[in-house]
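Student: I would like a close look at one part of this model. Please take me through its aromatic rings, and then through what surrounds them.

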Amino acid sequence: MYKIFNNIVFLFSFFLFCSSCENKDTYEYELKQEKKQIDAFMKRNGFVEVDSYPADSIWDGKENVFYHVEDGIYINIQEMGDKRYAVQENDKVILKYIKYTLGDPMIALEDYTNYPKEYTYGYSTDATYGLLQAIAIMKYHGSKARVIIPSKLSSTTDMNNVIPHYYTIEMNIQ
């Protein structure tokens, strides 16, 4: 009886071990696939990645140039906004944005253009790190940008599922 019990426990343990070794991709592999997805999205849309921010902060004539923050977001400033009003700590930042998938076709997942999201700059707990990076780079009242946010800088759900997103953002400061 003892041998039968041991054999059953052994077989159960063996099947449990084998089922835990499903063919799941590692997080590192998924991050590499995400980078390939971002690169394919950029190529499909004629976007160019650069690793240095325009020295003169002028984006005129650079409609398809996206600055890639090291280990961060990809951003293209469409309008600089009013340089007299730069975001400062404790300012109320109002973001109107649309969040899209990177697929072909792109699908709008969230639309906050009619009901903007409000954040307190420097103290927001709801804003993802990627959105905070975008705010810091956009920095002026009335600025507009296109942003690609990798999953590791996004919501917990996006991080866990390794899903990057594309945003069109308009920022206002109150």
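**Aromatic rings and their surroundings**

Tutor: Searching the whole structure gives seven aromatic pairs. Start with Phe47 and Phe66: their ring centres are 4.6 Å apart and their planes meet at 40°, so this pair is tilted. Phe47 sits in the loop between α2 (27–44) and β1 (48–50), while Phe66 belongs to strand β2 (residues 65–68), so the pair links parts of the chain 19 residues apart. Both Phe47 and Phe66 are buried. Next come Tyr100 and Tyr166: here the ring centres are 5.9 Å apart with planes at 45°, so this pair is tilted. Tyr100 and Tyr166 are buried. Ring pairs join Phe41, Phe47, Phe66, Tyr100 and Tyr166 into a cluster.

Some terms need their cut-offs. Rings of Phe, Tyr and Trp (its six-membered ring) pair if their centres lie within 6.5 Å; planes under 30 degrees apart are stacked, over 60 edge-to-face, and the rest tilted. Buried means under 20% relative accessible area, exposed over 50%, and partly exposed in between (1.4 Å probe, protein chains only). Helices (H or I, at least four residues) and strands (E, at least two) are DSSP runs numbered from the N terminus.

A word on the source. This is a predicted model, where local features need pLDDT of at least 70, side-chain atom pairs count only at pLDDT 80 or more, and totals for chains, interfaces and linings use all residues. Residues are numbered from 1 along each chain as its sequence is written, and side-chain values use heavy atoms, with hydrogens and water left out.

Now the wider fold. The protein has four helices and 10 strands. From the N terminus, they run α-α-β-β-β-β-β-β-β-α-β-β-α-β. Of its 174 residues, 36% count as buried. A contact means heavy atoms within 4.5 Å. Among contacts with a separation of 6 or more, 63% come from residues 24 or more positions apart.

Next, the packing. A nonpolar core is a set of buried Ala, Val, Leu, Ile, Met, Phe, Trp, Tyr and Cys residues joined through side-chain atoms within 4.5 Å. The largest core has 26 residues, and Ile73, Ile75, Leu95, Leu131, Met138, Val147 and Ile169 touch the most other members. At least two residues of this core come from each of β3 (74–79), β5, α3 (129–138), β9 (143–149) and β10. α3 supplies the largest share, five residues. A second, separate core has 11 residues, including Ile38, Met42, Tyr100 and Leu102.

Tyr167 lies in strand β10. Tyr167 is buried, with a relative accessible area of 3%. Among its contacts, again beyond four places in sequence, are Tyr97, Leu131, Ala145 and Val147. Tyr167 and Asp111 are 56 residues apart in sequence, yet 9.8 Å apart in space, C-alpha to C-alpha.

Helix α3 is mostly covered, with seven of its 10 residues buried. These are Gly130, Leu131, Gln133, Ala134, Ile135, Ile137 and Met138. Just after α3, Lys139 takes a positive phi of about 50°.

Last, the open space. On a 1 Å grid over the protein atoms alone, a pocket is an open set of points where a 1.4 Å probe fits, with protein on both sides within 12 Å along at least five of seven lines; lining residues have an atom within 4 Å of a point. The largest pocket holds about 200 Å³. Its lining includes Leu31, Ile38, His68, Tyr74 and Lys152. α2 gives the most to that lining, five residues. The second largest pocket has a volume of about 150 Å³. Of its 14 lining residues, Tyr97, Glu110, Asp126, Thr128 and Leu131 are the closest to its centre. A volume is the space filled by probe spheres set on the points, which are joined across faces, edges and corners.
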